[in-house]
Amino acid sequence: MKGRHAIVIVLSFALAASTFGVIAAAPASAANVSRWYFTNRLIGGVAESEGDFGSSADRDFYVGDWNGDGFDDLARRNGSEFELLDLVDTSVRTVSFGGADDEIFVGDFDGDGIDTLALRRGNRFTVRNDLGSSRRDSEIAFGKAGDQIFVGDFDGNGTDTFAVRRGNVFYVRNSVSTGAADIVFGYGRAGDQILVGDWNGTRVDTFAVRRTNQIFVRNDFRTAAAHFSFGFGSSTDELFPGDWNGDGVDTFAVRRALTGVSGLPTPTPSSGEIQAAEAHNHALLNQIRGAVGGSGLTLDPTMAQFARNWSASMAATGFGHSGGPYTENIAHIGSPDASGQDVAATFHQMWADSSGHYANMVNAGYTHVGIGFFRNSSGWWATQVFT
């Protein structure tokens with residue numbers, strides 16, 4: 001969407017799709033980073049790309065297309081200074097706007113294809129249409145001082161405007177001017193987190209609500225149930241809509257602040273309990289194959305590392321299949337204190353009790369397997385891959 005997130009509770013910096021790789025601007029300590037996970041699909045599942053920007057202590061991040069290239073970019077705020085990162089050429093520039101305590105919003109307020117900044121003090125908004133200028137281009141009044149504010153192109157004319165929410169009722173204005181709302185409707189619940197985006201490529205931004213890690217999307221301004229819903233990330237993630245691949249459809253990124261770690265958590269051979277659990281699961285797998293007259297599967301080191309990495313990735317980005325080169329079984333149990341031996345048996349039984357997973361386990365056409373476990377505070381994660 002052009003001119004997104006006006007909510008300061010949504011904080012972050014977004015990285016584009018795999019075209020751009022991993023981007024780090026103003027590098028932070030590898031042990032205290034903000035890590036971002038991005039998807040270009042509105043169907044849930046796992047992230048398609050990831051990258052680091054900022055430190056785990058940073059709080060105010062924003063999303064916008066700073067140069068009009070059709071891809072959303074990222075910004076980080078420090079007081080009245082804004083560091084803008086272009087995701088295509090990775091260039092960074094700094095602009096100043098407002099005061100350290102102002103509420104800041106991002107949008108394309110003049111329809112030129114470039115997102116800029118606006119601030120609110122009370123119920124008055126000050127808009128700047130040129131990131132390189134100190135000029136304040138317009139000042140308007142809208143809503144009440146305590147309203148929650150959102151920004152989007154709500155009528156598809158190419159210009160972003162403001163909306164306010166009170167309870168579960170939205171008041172949308174379709175021009176950057178003082179006046180009453182043009183659209184009033186209800187959606188969701190008063191406690192929902194609200195997200196704004198163009199979810200279907202029609203150039204009209206609408207609203208979605210988030211509850212835990214579930215996102216409920218509506219593509220119009222009617223008081224009615226969601227058109228569709230899906231899950232992405234975990235309930236503690238900070239979630240950001242944006243067009244990360246320039247296709248005109250907004251999808252999501254999540255931010256996680258990592259402290260005391262270096263890089264994506266990946267189990268290593270030094271984890272004796274994890275190794276023992278994987279070995280036990282392998283033994284149980286070959287037992288069940290033998291019970292139906294099949295031969296045992298050889299453990300392949302490369303496949304095992306793939307499985308370990310995917311289990312770690314699920315722990316970081318959410319449960320889902322990898323889309324990798326192997327047939328796979330995956331599972332998660334929310335018992336981080338369970339022993340490795342017990343977990344290995346539990347995963348085995350879960351898969352054996354499911355017809356599709358069981359079929360993978362006893363398939364006579366497979367000769368090799370990789371098994372990888374990972375444990376964190378949310379429990380144990382497991383992957384089996386077959387070839």
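## Helix 2 and its cover

Helix 2, which spans residues 301–317, is mostly covered in this predicted model, since 12 of its 17 residues are buried, a word that stands for under 20% relative accessible area, with exposed meaning over 50% and partly exposed in between (1.4 Å probe, protein chains only). Among the buried residues are Met 303, Ala 304, Ala 307, Arg 308 and Trp 310, and the list also includes Met 314 and Thr 317. Helices here are DSSP runs of H or I with at least four residues, strands are runs of E with at least two, and both are numbered from the N terminus.

From its first C-alpha to its last, helix 2 reaches 24 Å, close to the 24 Å expected at 1.5 Å a residue, where the expected span is 1.5 Å times one less than the number of residues. After the helix comes Gly 318, whose phi is positive, near 120 degrees.

## Strand 12 and its partners

Strand 12 (residues 161–166) is also mostly covered, with 5 of its 6 residues buried. Strand 12 pairs in the antiparallel sense with strand 11 (residues 148–152) over 5 bridges, where pairing requires that DSSP finds at least two bridges between two strands. In this pairing, Gly 152 stands opposite Thr 161.

Strand 12 also pairs with strand 13 (residues 169–172), again in the antiparallel sense, over 4 bridges, and here Arg 165 stands opposite Phe 170. Strands 12 and 13 form a hairpin with 2 residues between them, and Gly 167, in the turn, has a positive phi of about 65 degrees.

## Arg 222 in a loop

Arg 222 is found in the loop between strand 17 (214–217) and strand 18 (228–231), and it counts as exposed because its relative accessibility is 54%. Leaving aside neighbours within four places in sequence, Arg 222 is in contact (heavy atoms within 4.5 Å) with Phe 185 and Gly 186. The C-alpha atoms of Arg 222 and Val 184 are separated by 9.0 Å, although these residues are 38 residues apart along the chain.

## The whole chain

The chain has 387 residues, of which 49% count as buried, and its secondary structure comes to 4 helices and 24 strands. Of the contacts with a separation of 6 or more, 54% are between residues 24 or more positions apart.

Residues are numbered from 1 along each chain as its sequence is written, and side-chain values use heavy atoms, with hydrogens and water left out. Because the model is predicted, local features need pLDDT of at least 70 and side-chain atom pairs count only at pLDDT 80 or more, while totals for chains, interfaces and linings use all residues.
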